[in-house]
Amino acid sequence: MTLTPQVPMRALDTLWFQVAGTICNIECAHCFISSSPTNRSHEMLSLADVESRLAEAGTLGVKEYYFTGGEPFLNREMIPILAATLKQGPATVLTNGMLLRKEICDQLRELSDGSEYSLDIRVSIDGYDRASNDAIRGAGVWDRVMIGLSNLAAAGINPVITVTESADGVRGEDGRTRFLDLIRSLGFAKPRLKVLPVFRIGAETKRSHGYEDWERIPEHVTETEAEVLQCSSCRMVTSKGVYVCPILIDVAEARMGDTLVETLRSFPLRYGACHTCWVEGVSCRT
Amino acid sequence: MPDVTRIALIGGIYSNYHALNATLSEIERRGADATYFLGDLGAFGPHPDRIPELLIERGIPGIQGNYEESLSSGATDCHCGYTDPRDNFYAQISYDYTAQHTSDSYKRWMGTLPPSLRLNIGGTRILLSHGSPRKINEFLWRSTSPQVFLSKMCDDYAADVIACTHSGLHWHKELPGNRHVVNVGVIGRPANDGRTNVWYAMLTVGERVGVEFVPIVYDHGALAREMRQQKLPEEFIETIETGWWTTCLEILPAKERSAGKF
């Protein structure tokens, strides 16, 4: 019998919200939770949902809050949700950038200026140009994201551009420089770039392939070694409960409880995606 | 008038011995009951051996930073905690230079430094740490250190005052119950505000706790000249000469990043 390594829970530093559920206005070919306009496996969170979690999080000393989906700005309460969050701590929103209208960007700027905490906007793209990006993210996406980014720049918000490794050569020095030049050319004098690996679950299994059986964290990994993983300091709130991390929300066993406090325990690292985090040293945090 | 104890706290020195000399003179001029350093004696600047030499000669106690932990254990990098390739690229240049120019006896001395120190001043429990009490290379920024998080840290570590450095930017937050978290800043490089001075913190502990950040103007031109002689990267020298950070920028949260030039 093989032993499954466990990740301990050090402290709940990072609380994630699946604020738009799995509902998205696009269908990226690599989406690890297959978000789409019709995927309702996780529903949107309401302002009241988030507020009650913030109250819980306050008692646990949470350090930072992240919002993702689906597409967070499909949630009509997104601005009030951020306003409530920024009273308590820093917030980061992961968006596809397509709904960043001028008024939204101005509101984000106002929220940011009005809080002692940082508000970070992370915009995903998947290529250097329309063709490479839209091959992953869908026809017409590039042009709309460019408008969104230009609205952010006009509002004086400097986003973090997130690119997955599906983008050609982004891990190398040349690819990186090319992306930084692209971000500069969009009006951001201080380009910020984060590269993430692709998780071979969800839609990505059709684009490439799923994990092989051997792609698991080795059983000799100790709890102390496993502490470097983000799941030792994060949890994810969705409409269905509290999950171990932002990646495994389609895995029933990764749902750890209804309340935050009951999820402050160790978790077995038995999934292919855990292997990616382990090998790549991934953190979904910025 | 109740007794007040004055404690001078010096953050990351980064081999800036010009600033260290100026800081120690200023502390002497103002008067302090005790002075402590909070680690990261090396990095960035020239002639790293001059820092332990000066601290030992002046009998100043202090704690390990990630630099001292790495240098004394023979690690191949500084364990600064960066995640971006450009941040790590420059961090490695700093570490390699510092490791090469730090004598073995000082590396051994660094291994004898404690990772944290506790003081009790008339019942006020003060904890000196490098990054944070729980992690030597944790970056505690003002805009990403909420009150609930800091209060829990004070509870977890049974402290009324937590002092730290590591991030390079100074700030102070007063928490409910006369508790405080202070990032004392660094004297190794300017605070990314377009001014060439550096900062240390003076803690006053009496009935209440007070924190004053003290600017130190020093001969940064001399430091820049020596950095050029040592062939340290022009990017580092630019920071010393202009007060704007040019490296280790990607780790900054949105607010701190927008405050700088780069």
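Residues are numbered from 1 along each chain as its sequence is written, and chains are lettered from A and ligands numbered from 1 in the order in which they are written. Because the model is predicted, local features need pLDDT of at least 70 and side-chain atom pairs count only at pLDDT 80 or more, while totals for chains, interfaces and linings use all residues.

View 1. Two strands count as paired if DSSP finds at least two bridges between them.

**View 2. Strand β3 of chain A and its cover.** All five of the five residues in β3 (64-68) are buried, a term that requires 20 or more other C-beta atoms, placed from the backbone, within 10 Å of a residue's own. A:Glu64, A:Tyr66 and A:Thr68 lie on one side, and A:Tyr65 and A:Phe67 on the other.

**View 3. The parallel neighbours of β3 in chain A.** Strand β2 (residues 14-18) runs parallel to β3 and is joined to it by five bridges, with A:Trp16 opposite A:Tyr66. Strand β4 (residues 91-95) also pairs with β3 in the parallel sense, over three bridges, and here A:Phe67 stands opposite A:Val93.

**View 4. The antiparallel pair β8 and β9 of chain A.** Strands β8 (residues 234-238) and β9 (residues 241-243) pair in the antiparallel sense over three bridges, and A:Val242 in β9 is the bridge partner of A:Val237.

Key. Helices (H or I, at least four residues) and strands (E, at least two) are DSSP runs, numbered from the N terminus. A residue is buried if 20 or more other C-beta atoms lie within 10 Å of its own, exposed if 12 or fewer, and partly exposed in between; C-beta atoms are placed from the backbone.
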